[in-house]
Amino acid sequence: SHDILFFWVARMVMMGIEFTGTVPFSYVYLHGLIRDSEGRKMSKSLGNVIDPLDTMNEYGTDALRFTLCMGTAGQDINLSTERLTSNKAFTNKLWNAGKFLLQNLPERSDATAWDLLLANKFDTEAALQQLPLPEGWVVTGLHELIDKVSISYEKFYFGDAAREIYDFFWSHFADWYIESSKTRLYHSGDGSATITAQSVLLYVFENILKLLHPFMPFVTEELWQALPYRKDALIVAPWPSTDLPKNLLSIKRFQNLQSLIRGIRNVRAEYSVEPAKRISASVVATVDVLEYISKEKQVLALLSKLDAQNINLTESLPGDANQCVHIVADEGLEAYLPLADMVDVSAEVERLSKRLSKLQTEYDTLLARLSSPSFVEKAPENIVRGVREKASEAEEKISLTKNRLTFLQSTVST
C-alpha cells in the first residue's frame, strides 16, 4: 500500500548501491492498490480477498493482467467481476479474429501466395494511397494507434495504451474492417482485391499483437506463432515503427460511409425489419461523394443489409421520396429507404394506433396522480420525482409515435 511502498523502493535503492555500487533502476512506477469491487481494501477479516490464482483459472491470466493494466496510473483499482468478464470477452474476440484470419489466408504450403502477401508493405505514402477506402482507413488508423500507444508506453500511461488498443481492435478492426473485408474475400471475384484484403488483415493483426503483447503475452504469442512464416517469437519481435504515413482523407470518407450504414441500421431497427431481409435504397450525394461510395457499394450492401442490385446512386431526389424514410448521414450524403420495402404500411399503422392508445392511457393515469394534491404533498419526494420522469418519457413516446403515424398515414394516402 501507499504507506509502505516508498520504503520498499528506498531499501532496494540503498541496498543496490551498497552491495553493487550502482543504482539498481532509473524509473519507479508506483501503482495503485488493488481493492475489491466495492472499493474496500482487501483483508482476511472482511473476507474479501481475491486470490489471483483462482481469478486466472476462471477468467484467464491475460484477462487479469489486462484488467489491472487498464487502471489509471497512481490510482487505486476496484477489481470487479464485470471488468474481468469484459476483458475475458476481449480475449475471446482476439482469439476469434485470429481464427478468422487463419481460415481466410492461403495455406502454409502455398509459398507463392505467401510471397505475394508478405511482399505487400504499407509503410510508404505511395502504397497507402493505392489502397481501397476500407483498407486505407484501417491502415491509417493502425499507424495513428502505433504512434499513440508508443507515446503512452514511454510516458508510463499504461491504462491509456490499453484503452487505445482495446478501442481500435474492437470498434475499428473487428467490428468494421473484418466485416468489410468479407466483400473482398467472398464476393469480389477479383484476385488482386482478395490479396490486398488478406495482406491488410495480416498487417494490421500482427501489429495489434505486437502492441498487446506486454499486456497479454500468452494469447498474443499463441496467435503469433500460429501465423505462417513467423521467423521469431513475438516476445523478441521488433516494436512497430512509428511516424508511418497516414491517409487522412480515407478517415473522413470512411466515417461518412459508417454514418450512412449506421443510419440505415437504425431505421431497420426502428421499423423492426427482419435481419435477413434485403431492402432497396437511394443514396443521394454530391458527385465526389458518389464516386467513392460507388466503389464500396458491396461494403454498403453487406453491412447495411441492402439489395446490392437495388442501390440507386444519384445526385437528385428519388421520385418516391415522400414514401421513403429519409436519412441524413453527413453534409452532402443522404439516403431514402422505401417504406414498402421494410414494412406492411397498413399493418404498421394499425399497430402504432394501438400503441398510441395504450401510451395515452398510461400518460393520462400518470397525469391524474400528479394532479392529485394528496399524492404530491404526502408521497415521498423520490416517488413523486419518479412519476414525473415517467410522465415525461411517456409524453416523448407519444410525440414520436404520433409523428411516425402521421408519416405512415400520409404514405398510405399517397
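Trainee: Which domains give residues to the lining of the second largest pocket, and where does that pocket lie relative to them?

Mentor: The lining of the second largest pocket draws residues from both domain 2 (81-246) and domain 3 (259-341), so the pocket lies between the two; the domain bounds come from an automatic or database assignment. Before going further, keep in mind that this is a predicted model, in which local features need pLDDT of at least 70 and side-chain atom pairs count only at pLDDT 80 or more, while totals for chains, interfaces and linings use all residues. Residues are numbered from 1 along each chain as its sequence is written, and side-chain values use heavy atoms, with hydrogens and water left out.

The second largest pocket holds about 280 Å³ of space. (A pocket is an open set of points on a 1 Å grid over the protein atoms alone, where a 1.4 Å probe fits and protein lies on both sides within 12 Å along at least five of seven lines; lining residues have an atom within 4 Å of a point. Points are joined across faces, edges and corners, and the volume is the space filled by probe spheres set on them.) Its lining has 14 residues, with Leu131, Leu133, Arg253, Tyr292 and Lys295 closest to the centre. Two or more lining residues come from each of α7 (133-154), α11 (248-270) and α12 (287-295), and α12 gives the most, with four residues. (Helices, H or I over at least four residues, and strands, E over at least two, are DSSP runs numbered from the N terminus.) By class, this lining divides into five nonpolar, four polar and five charged residues. (Ala, Val, Leu, Ile, Met, Phe, Trp, Tyr, Cys and Pro count as nonpolar, Asp, Glu, Lys and Arg as charged, and the others, Gly among them, as polar.)

For context, the largest pocket holds about 670 Å³ of space and is lined by 24 residues, with Lys121, Tyr203, Glu206, Lys210 and Arg230 nearest its centre. Helices α5 (111-119) and α9 (191-212) each supply at least two residues of that lining, and the largest share, six residues, comes from α9. The lining of the largest pocket comprises 13 nonpolar, four polar and seven charged residues.

Most residues other than glycine have a negative phi. Tyrosine 229, however, has a positive phi of about 60° although it is not a glycine, and its place is in the loop between α10 (217-226) and α11. With a relative accessible area of 38%, tyrosine 229 is partly exposed (buried means under 20%, exposed over 50% and partly exposed in between, for a 1.4 Å probe and protein chains only). Serine 272, in the loop between α11 and β3 (279-285), likewise has a positive phi, near 50°, and is a residue other than glycine. Serine 272 counts as exposed, because its relative accessibility is 60%.
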